Protein chains: 2
Amino acid sequence: MTRPAASPGRGRRPGGPDTRGEILDSARVSFAAKGYGGTTIRAVATAAGVDPALVHHYFGTKDDLFLAALQLPMDPRAIAPAVFREGVEGAAERLLRVFFSVWEDPQARMPLVALVRSGVAGEPGGGLLRDALLRMVFEPLAQLLAAGDARLRAELVATQMLGLIVARYVLELDPLASMPPEELIPWLAPTLDRYFTGDLPGLSATDDG
Amino acid sequence: MTRPAASPGRGRRPGGPDTRGEILDSARVSFAAKGYGGTTIRAVATAAGVDPALVHHYFGTKDDLFLAALQLPMDPRAIAPAVFREGVEGAAERLLRVFFSVWEDPQARMPLVALVRSGVAGEPGGGLLRDALLRMVFEPLAQLLAAGDARLRAELVATQMLGLIVARYVLELDPLASMPPEELIPWLAPTLDRYFTGDLPGLSATDDG
């Protein structure tokens, strides 16, 4: 009778037939009101009227619960390994292709745009954007870069990606917003490439003398 | 007794001693509720209980009124001419220096961060961000670039600047947020330079063959 954690949607558990949905609702309320750091599995379980063990059973870790609550179309923790699977060569283009494969899908884009909107607006729980972005995408990127200034480099990559998101999907600046990804990638990839691996260039003041 | 329009703060006018402030309040309410396009000088005047001519007298054009309502620390229309005054050579670095001269001043930054937050959040009147950014900064930049793809280039510059704003001043990602501008400029200037004037590079597929 016990179903595997991977497909628990219809398992009958104490708390009613939609216990899983109730846990998810409690999790969303808590993440939105208290952010990632202020949310505990225990508090989510209490709010849903279930045992914390059941939350772990359905969703795994707090990170897993967080991702389920955000309804992200892919696991953002998989991005960094995929981007650097073949080394740093071509990583910029691979990151952009992964990015567009998600963001160009209107269904997948919706919760992500909402996350960016509320995160930038500074709404309660807006720290979720930072948690999701930094902890799940850009810290792993920095770890895989393994350079002394890797964290800064990953954040520079984040600036370009965030700006692309805001300009293309939120403000919808044209022509940028209506160009096919294939035409944007050659513009953006060299920027990301330089942030990933480029030398820090000197200021133009070195010209004279 | 008539004061020049440049310093009208205390002029006595029909409508009471703080007519100027009342006009400004009406303008803020209207821009926030109806955006730039939906706001008229006439409606602002009516809401403030004054004649439209008085609004023009105090504030000039609708753009001028818009800027006064936003309390921007500088006229964004002056940015593009200043950046290209000495040609496109060094324009990226000049843009970054103008940018940081405003955004590093906490007093000046406050209304700008508010503008970005509400603009990205999609709040009513959030179109102000697009109006202020596009119409006053990036369209003039594109005009001065005078290339066939100038508008796209200006928008690519906008992506990097928007992402910098969000990462440094809104999400406050560290170390990016705590680095002095002098250390960030050499990272960012080559990106803007390439967007301003660089050739469109081909995809990496041209390597083989």
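**Notebook: salt bridges, core and symmetry**

I began with Arg97(B), which counts as partly exposed because its relative accessibility is 34%. I used these classes: buried is under 20% relative accessible area, exposed is over 50%, and partly exposed lies in between, with a 1.4 Å probe and protein chains only. I note that this is a predicted model, in which local features need pLDDT of at least 70, side-chain atom pairs count only at pLDDT 80 or more, and totals for chains, interfaces and linings use all residues. Residues are numbered from 1 along each chain as its sequence is written, chains are lettered from A and ligands numbered from 1 in the order in which they are written, and side-chain values use heavy atoms, without hydrogens and water.

**Entry 1: salt bridges**

I looked up the partner of Arg97(B) and found Glu182(B), with a salt bridge of 2.7 Å from N to O. Glu182(B) belongs to helix 10 (residues 181-197) of chain B and Arg97(B) to helix 6 (residues 91-103) of chain B, so the bridge ties together parts that are 85 residues apart in sequence. Glu182(B) is also partly exposed, at 42% relative accessibility. My criterion for a salt bridge was a side-chain nitrogen of Lys or Arg within 4 Å of a carboxyl oxygen of Asp or Glu. By this rule I recorded 18 salt bridges over all chains.

Arg151(A) is partly exposed at 35%, and Glu139(A) is partly exposed at 27%.

I then turned to Arg77(A) and Asp75(A), which form a salt bridge at 2.8 Å, N to O. Both ends are partly exposed: Arg77(A) has 29% relative accessibility and Asp75(A) has 31%. Which residues make up the network here? Asp64(A), Asp75(A) and Arg77(A) are linked by salt bridges.

**Entry 2: fold and core**

I counted ten helices and zero strands in chain A; helices (H or I, at least four residues) and strands (E, at least two) are DSSP runs numbered from the N terminus. Of its 209 residues, 51% count as buried.

The largest nonpolar core has 151 residues, and Leu65(A) and Leu65(B) have the most contacts inside it. Such a core is a set of buried Ala, Val, Leu, Ile, Met, Phe, Trp, Tyr and Cys residues joined through side-chain atoms within 4.5 Å. Beyond its neighbours within four places in sequence, Leu65(B) touches residues including Ile23(B), Phe31(B), Val44(B) and Phe59(B), where contact means heavy atoms within 4.5 Å.

**Entry 3: the two chains**

I laid chain B on chain A by a turn of 180° and a shift of 0.0 Å along the axis, with an RMSD of 0.0 Å. The copies are thus related as by a two-fold rotation axis. The superposition is by least squares on the C-alpha atoms of residues with pLDDT of at least 70 in both. Gly163(B) comes closest to the axis among the residues of chain B, at 1.8 Å (C-alpha). The same surface serves both copies, as 100% of the contact residues of chain B recur in chain A.
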